[in-house]
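Please open the model in a viewer and keep the selection panel at hand.

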Amino acid sequence: MAGERPFGVVLRALRQQARMTIEDLSEASGVSVRAIGNMERGQSLVPQRRTVVALVEGLGLGGSERELLLEASRAGRPTRAVALAGAAVPLRSVRDFTGRAPHLAWLAGAAERVDEGVSVAVISGPPGCGKTTLAFKAAADLAGAFPDGRFVVDLHGVDGAVEAGEGLVKLLKALGVTDRRLRQEGAAGHAGLLRALLGERRCLVVLDNARDEEQVRPLLPAAGRSLVLVTSRRPLSGLEDVDRLALAEMEQGEAVELLGRILGEGRADAEPEAVARVAQMCGRLPLALRVAGNWLAVRPAWSVERLVGRLSDEGRRLRALSAGDARVEAAFELSYRQLSAEAARMLRLLSLVPGPDMTVEYGACSAEVDVFEAEDVMEELVESGLLQATSDGRYRLHDLVRLFARARLALEETSEEREAAESRLRAWLLETAVVAGRWYKPAYGAPPPSWRGLVPLRNAEEAREWLRSEAPSWLAALRAAAEKGEHGRVVEVGDAMEWFCDLWVFWGHWSEVYEVTGRSAAALGDPDIQAFHLNMHAWALIECDHRYREAVERAEAGLYHACLVGDVAQQASALSHAAVAHRKLGEGEEAADKARASVELYEGTDDREGWLGAMVTWGSCLRSLGRVAEAHAQHLRIVAFLDAPDRPVGEHLAGMVRAHTAYALGLDHALLGRWDDAVECHRDALARFRSVGMPHMQASVLLGMGEAMIELGRGEEARGLLDEVVEFGDAADGAIVSGARKLLASLPGPFTDPDPGPGPGPRRPGVQVGGRGGAGAGPGVSRL
């Protein structure tokens, strides 16, 4: 019957039966990935009927299966989250307990709820996160609320688990039941006796280190005013009618404070930076922090910096985190031994993931299984406490667990197996990056029908989301591929990103990407490939880093290599990039000459995309020289080209160029004093940049529109636009945000800067900052 199984268990079984991932069900039902994941793991309330109906429809259920899920939802009762630990002796407090204020407050709330009936709270989390310590601290704090006694039973869940019957006897004896009474009741009556006693009294019971639901169930009372705290590395999602608290590592400030209490304030205050580094190297895990603190406490002659040096070697860090019989590695080992063979292998392989977190597809690729099997195995790791499920549906390995898993990988896999796994993951990340990036390449677009990837990438938006969310991993894979000499793969990635990078200009890594791909291009020895990557590096140096002189040098190198092989389009590209850099250096005449030469070269090729970008750049150069009418005429030529019914460029690229051109026209009108026309062009540009997804350019346009509004005497409208610019923060050019703050400060009325920042960034000639009527130079879109 469905009522015998929790709602989340039933939901997950039906989803897997339908061969759907959580993401597939989310898209089909409209219920978020996070909500579905929390339901399946028992970490949220059973949903309302309308949500259940949406899930039924998303799964395409009918007949008995539909009724099965609906019955499970009706039978389900609210569950929340917590977990604890204990021993068969009176509770003790921890003298130097630190932090965890929200968790203690939550447990205090659980104690207040006992008047509504028995309250059971499960505190779960990875090894060493302080579950038992938190439970004991709460028990000490709540002593006055439970006058009939506080009791702990250590269930030894990971090292020779106590059977439920033995735990019952221990707890009953602690409650004062005589051996004679125990014999009279017999083993079959012990659970009922415990329920009766806890129903009569107001007790606090800690069931520490629980193995699983079966071990705990007989120890839970059915009614009364007692509070039972259960600690476990597993969330025990099969238990019903319980509160749950998921515990993780400490906050950095709490971790530093704990180390300070162990070391003593004087010693900690003498080396605050080293103490902070130790906290980070311990992954802010309480067990590791205590081991490190105790290690130093018994070595008073050692500096904290000396321990930092000892922990800096990742290969030896876990072995270094041992003090007497307290070993961080041993805590992980106990959980590791209980894993299935598939889960243990998955944990070892996940240690190779180069990014800070991952999706289920990483597991599928690493273990060479489908995503459904990978999800099952990774959920086993979540249940064991060795893998953390994040709130956005991703997974994360704690830093110390990663080191443990990597050590097991070295011990249990051959070097050939490790290398094959690394290569498999690296190849998948870079292949997916190429396919995703090519959604934005005019000659490519959607993946070919023959492509079968772990990630769907069904449209450009999915491609963009994957490239951004997985950037730390595919960038690390790109670095590794370059080091391995996989130069063909490296340059392929750089080529694929040619147009996507315009949508994420201030990511912060494009200069590195094209420096890496440029070195691989040089290693391949093909001047044509070298020219492309040198030109892309020039773009990144201009638009991302504002290193204009270096950009000129890269563009000149790109021009040289393009000339070697007669690649006219890359020669034109190099000249266009150089023109933008010269313009931003204030070298207007040289910029205009190179921009015009670039346009002329492009006109002898069939590269219409490059010609459009060169035209925008030439118009900007003309405007910067004060030749506004000529600039305006060039921009109108672009509009006419894009309005032609047979234009030879794709929709996405046309949208980008139209947005840039509308912005350029707005700047033209501003310099000519036609402020109403400037506002309308900027308004058009803003809508277009929003449509193609270029937030950094939206900020530039909003600043230009704000300036025009000020000229028109519409100060309040200007204030609203400039406030929007400031809200962009790091997603926009620092000079643009700084310019908006200056204009806001110049407006009448109060102005409170929410983030004054470090001061103005490099001046962006594209917008007149802090004044009106100057010779703004417009956007630098040399590749468009």
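**Conventions**

This is a predicted model, in which local features need pLDDT of at least 70 and side-chain atom pairs count only at pLDDT 80 or more, whereas totals for chains, interfaces and linings use all residues. Residues are numbered from 1 along each chain as its sequence is written, and side-chain values use heavy atoms, with hydrogens and water left out.

**The whole chain**

Display the protein chain as a cartoon. Its secondary structure comes to 37 helices and 9 strands; these are DSSP runs numbered from the N terminus, helices being H or I with at least four residues and strands E with at least two. Of the 784 residues, 56% count as buried. Buried denotes under 20% relative accessible area, exposed over 50%, and partly exposed in between, with a 1.4 Å probe and protein chains only. Among contacts with a separation of 6 or more, 71% join residues 24 or more positions apart, a contact being heavy atoms within 4.5 Å.

**Trp474 and its aromatic partners**

A search of the whole structure finds 13 aromatic pairs. Rings of Phe, Tyr and Trp (its six-membered ring) pair if their centres lie within 6.5 Å; planes under 30 degrees apart count as stacked, over 60 as edge-to-face and the rest as tilted. Select Trp474 and Trp507, a tilted pair at 5.4 Å centre to centre with 45 degrees between the planes. This pair links distant parts of the chain, 33 residues apart: Trp474 is in helix α24 (residues 471-483), and Trp507 is in the loop between α25 (487-496) and α26 (510-524). Trp474 counts as buried because its relative accessibility is 0%; Trp507, at 15%, also counts as buried.

Trp510 is buried, at 0% relative accessibility.

Which residues form one aromatic cluster? Select Tyr440, Trp474, Phe500, Trp504, Trp507, Trp510 and Tyr514 to display it.

**Nonpolar cores**

A nonpolar core is a set of buried Ala, Val, Leu, Ile, Met, Phe, Trp, Tyr and Cys residues joined through side-chain atoms within 4.5 Å. The largest such core has 188 residues, of which Trp474 and Trp510 touch the most other members. A second, separate core of 28 residues includes Phe151, Val177, Leu194 and Leu198.

**Arginines over tryptophan rings**

Select Arg306 with Trp302: the arginine lies over the face of the ring, at 3.6 Å from the ring centre. Then select Arg113, which lies over the face of Trp106 at 5.2 Å from the ring centre. The criterion is NZ of Lys or CZ of Arg within 6 Å of the ring centre and within 35 degrees of the ring normal.

Proceed to helix α29 (residues 568-584), whose 17 residues should span 24 Å at 1.5 Å a residue; its end C-alpha atoms are 25 Å apart, which agrees. The expected span is 1.5 Å times one less than the number of residues. In α29, 16 of the 17 residues are buried. At its start, a side-chain oxygen of Asp567 reaches to within 3.2 Å of the backbone nitrogen of Ala569. Gly586, with a positive phi near 85 degrees, follows α29.

Next, select helix α37 (residues 734-746), which has 13 residues and reaches 19 Å from its first C-alpha to its last, close to the expected 18 Å. Its buried residues include Ile736, Val737, Leu743 and Leu744. Among the elements that cover the buried residues of α37 are α35 (695-711) and α36 (715-728). A side-chain oxygen of Asp733 comes to within 2.8 Å of the backbone nitrogen of Ala735 at the start of α37.

**Two loop residues with positive phi**

Most residues other than glycine have a negative phi. Select Glu368, in the loop between α19 (360-367) and α20 (371-384); its phi is positive, at about 60 degrees. Is Glu368 buried or exposed? Glu368 is exposed, with a relative accessible area of 56%.

Finally, select Leu457, in the loop between α22 (415-437) and α23 (460-469). Leu457 has a positive phi near 50 degrees, and at 1% relative accessibility it counts as buried.

How values were computed. Polar contact = N/O pair within 3.5 Å; in protein donor to acceptor, adjacent residues only side chain to side chain.
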